[in-house]
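Visitor: I would like to go through this structure with you, and to hear for each label what rule stands behind it.

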Amino acid sequence: MGFRWWCCCCMVLLFSSSLFLWNGVLDLVNKTDGVALVLDSIQGGKEWLGMDVLIFNSWHWWIRAGQGQPWNYIQIGNQKFKDMDQLDAFSKGMSTWAKWVDTNIDPAKTKVFFQGISPIHYVGSQWGQPDAKSCSGQTKPLSGSTYPGGPLPPEGVVKSVLMSKPVTLLDVTLLSQLRVDAHPSKYEGVQTNNDCSH
């Protein structure tokens, strides 16, 4: 019936065509006092019901701050928080998502995938080049099969949430960490600068 991609998130739906639904986090709700990031609700989940395949991913927007942050405050139940530890908020949001999967998805009818965390490359010391301030100028992948900067903390959140769920993890994190040269960049001839976070 369909195929969707959700970026905790983003989503794509495929019948004979595709539908892309995007939400940077779980539920962003416009309220009289601003935009709330609601961590214990998934209002958009109704659109995902009945799909043959769902592909989710998350983390990219959770680390935003200041003007890049698309919410004014975080809400859990009736409690409002001006700010919260990003990893803690992500963990609460992922737990809400996992409960939604358990409650709403029949694994015999819908296959659910979660694409692992995509890393950023803005701190060269994490890959052995302390003078690098971004992925700019990186032209080769790192050698070996371990990333010098180690695993990303949100990976642990994802793996713990998915442990007992009917979800297949598409773990792209380590491969992506090793590809410091693979972000969209000015070298491809389309952009004028490097995008070290995609």
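Visitor: How many helices and strands are there in the protein?

Guide: This is a predicted model, in which local features need pLDDT of at least 70 and side-chain atom pairs count only at pLDDT 80 or more, while totals for chains, interfaces and linings use all residues. Residues are numbered from 1 along each chain as its sequence is written, and side-chain values use heavy atoms, with hydrogens and water left out. The protein has three helices and ten strands, where helices (H or I, at least four residues) and strands (E, at least two) are DSSP runs numbered from the N terminus. Their order from the N terminus is β-β-β-β-β-β-β-β-α-β-α-β-α.

Visitor: What makes Cys135 and Cys196 a disulfide?

Guide: The rule asks for a pair of cysteine sulfur atoms within 2.5 Å, and the sulfur atoms of Cys135 and Cys196 are 2.2 Å apart, so the pair meets the definition. A search of the whole structure finds one disulfide.

Visitor: Why is the disulfide of Cys135 and Cys196 called left-handed, and which parts does the pair tie together?

Guide: The torsion about the S-S bond is about -85°, and therefore the disulfide is left-handed. Cys135 lies in the loop between β9 (111-115) and α2 (153-162), whereas Cys196 lies in the segment after α3 (173-178), so the pair ties together parts that are 61 residues apart in sequence.

Visitor: Are Cys135 and Cys196 buried or exposed?

Guide: Buried means under 20% relative accessible area, exposed means over 50%, and partly exposed is in between (1.4 Å probe, protein chains only). Cys135 has 4% relative accessibility and therefore counts as buried, and Cys196, with a relative accessible area of 1%, is buried as well. Of the 198 residues of the protein, 44% count as buried.

Visitor: How do you know that the buried residues of α2 line one face of the helix?

Guide: The buried residues of α2 are Pro154, Glu155, Val157, Val158, Val161 and Leu162. Seen down the axis of α2, these residues fall within an arc of 160°, so they line one face of the helix; the arc is that of the directions from the helix axis to the C-beta atoms. The buried residues of α2 pack against α1 (86-104), β9, β10 (167-170) and α3, contact meaning heavy atoms within 4.5 Å.

Visitor: Why is the pair of Lys80 and Asp33 called a salt bridge?

Guide: A salt bridge is a side-chain nitrogen of Lys or Arg within 4 Å of a carboxyl oxygen of Asp or Glu, and the closest N and O atoms of Lys80 and Asp33 are 2.6 Å apart, so the pair qualifies. This pair links distant parts of the chain, with Lys80 in strand β8 (residues 79-81) and Asp33 in the loop between β4 (27-31) and β5 (34-38), 47 residues apart. Lys80, with a relative accessible area of 47%, is partly exposed, and Asp33, at 40%, also counts as partly exposed.

Visitor: Which other residues form salt bridges, and how many are counted by this rule?

Guide: The count comes to five salt bridges. Among them is the one between Lys165 and Asp102, whose closest N and O atoms are 2.7 Å apart; Lys165 is in the loop between α2 and β10, and Asp102 is in helix α1, 63 residues apart. The side chains of Lys159 and Asp171 also meet in a salt bridge, at 3.4 Å from N to O, with Lys159 in helix α2 and Asp171 in the loop between β10 and α3, twelve residues apart.
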